[in-house]
Amino acid sequence: MFFKLKSYFNFLLKSTNQHGVHSPFVFSFVTKCLYTKKRLHAQKTINVLLKSIDYFDFRHLQIYDNPKLKSTILNSYPKLKFNEQTTDLLFINDLDQNAVRHVLSIKTLHNNSMLLVDGIHSNQEKENIWKRLIRIPNITVSLDMYHCGVLFLRKEQEKEHFTIRI
């Protein structure tokens, strides 16, 4: 319990809204996707997932360690394909060392692929794994939203990390 309280306090000290974002790509994502009023799901992370699918018009998804989520996604986006030849969006429900190995082994990620990771501040181990994911060289943009985190592979952008309140 103490870890989560401390982690949340640190998040609040570092976090900003769209006014602290100087990347046009991230500013657009925050203002036109994350800050839109429409609520597609009660759980924050799933709401971010569904909004992102719509905003980026993703077509190919992978879900790591949450098979029940597939039906929720297909209810809103029936034309999506899962585990195909390319991965536009990878959702990681349970962040652990196996998830990191999975990310590192995926050959279907491409420029502009997005990784959405749930529970990045659930405990010290998950927070450390999250920090390790951010350091992967191909990951150039990372957003910490406390409940979840987003990672982007964008070759044309310098490596940047953002802490955003949603």
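Predicted model: local features only at pLDDT ≥ 70, side-chain atom pairs only at ≥ 80, totals over all residues.
User: Happy to start with the ground rules; what do the values rest on?

Analyst: Local features need pLDDT of at least 70, side-chain atom pairs count only at pLDDT 80 or more, and totals for chains, interfaces and linings use all residues. Residues are numbered from 1 along each chain as its sequence is written, and side-chain values use heavy atoms, with hydrogens and water left out.

User: Why are H3 and H4 called oblique to each other?

Analyst: Helix H3 (residues 44-56) and helix H4 (residues 69-76) pack at an angle of about 40 degrees, with their axes 11 Å apart. Angles under 35 degrees count as roughly parallel, over 145 as roughly antiparallel, 65 to 115 as roughly perpendicular and the rest as oblique. H3 and H4 are therefore oblique.

User: Which residues of H3 and H4 meet?

Analyst: From H3 come Ile46, Leu49, Leu50 and Ile53, and from H4 Leu69, Ile73 and Ser76; contact means heavy atoms within 4.5 Å. By class, that contact has six nonpolar, one polar and no charged residues.

User: What makes H5 and H6 roughly parallel?

Analyst: Their angle is about 15 degrees, with the axes 10 Å apart. By the cut-offs above, that makes H5 roughly parallel to H6. Gln97, Val100, Val103 and Leu104 of H5 make the contact with Ile129, Arg132 and Leu133 of H6. These residues divide into five nonpolar, one polar and one charged.

User: How do you know that the buried residues of H5 line one face?

Analyst: The buried residues (under 20% relative accessible area, with exposed over 50% and partly exposed in between, using a 1.4 Å probe and protein chains only) are Ala99, Val100 and Val103. Seen down the axis of H5, they fall within an arc of 100 degrees, so they line one face of the helix. What covers them includes strand E1 (60-64), E3, E4 and H6.

User: And what puts the buried residues of H6 on the same side?

Analyst: In helix H6 (residues 124-134), Lys126, Glu127, Ile129, Trp130, Leu133 and Ile134 are buried. They cover an arc of only 160 degrees around the axis, which puts them on the same side of H6. Among the elements they pack against are helix H1 (2-14) and strand E5 (141-144).

User: Last one: why is Thr86 called partly exposed?

Analyst: Thr86 has a relative accessible area of 24%, so this residue falls in the partly exposed class. Thr86 sits in the loop between strand E2 (81-82) and strand E3 (87-92). Not counting residues up to four places away in sequence, Thr86 touches His60, Thr108 and His110.

Note on methods: Axes fitted to C-alpha atoms, helices over the stretch in contact; angles between N-to-C directions. Helix = DSSP H or I, 4+ residues; strand = E, 2+ residues; numbered from the N terminus. Nonpolar A, V, L, I, M, F, W, Y, C, P; charged D, E, K, R; others polar. Arc of directions from axis to C-beta.
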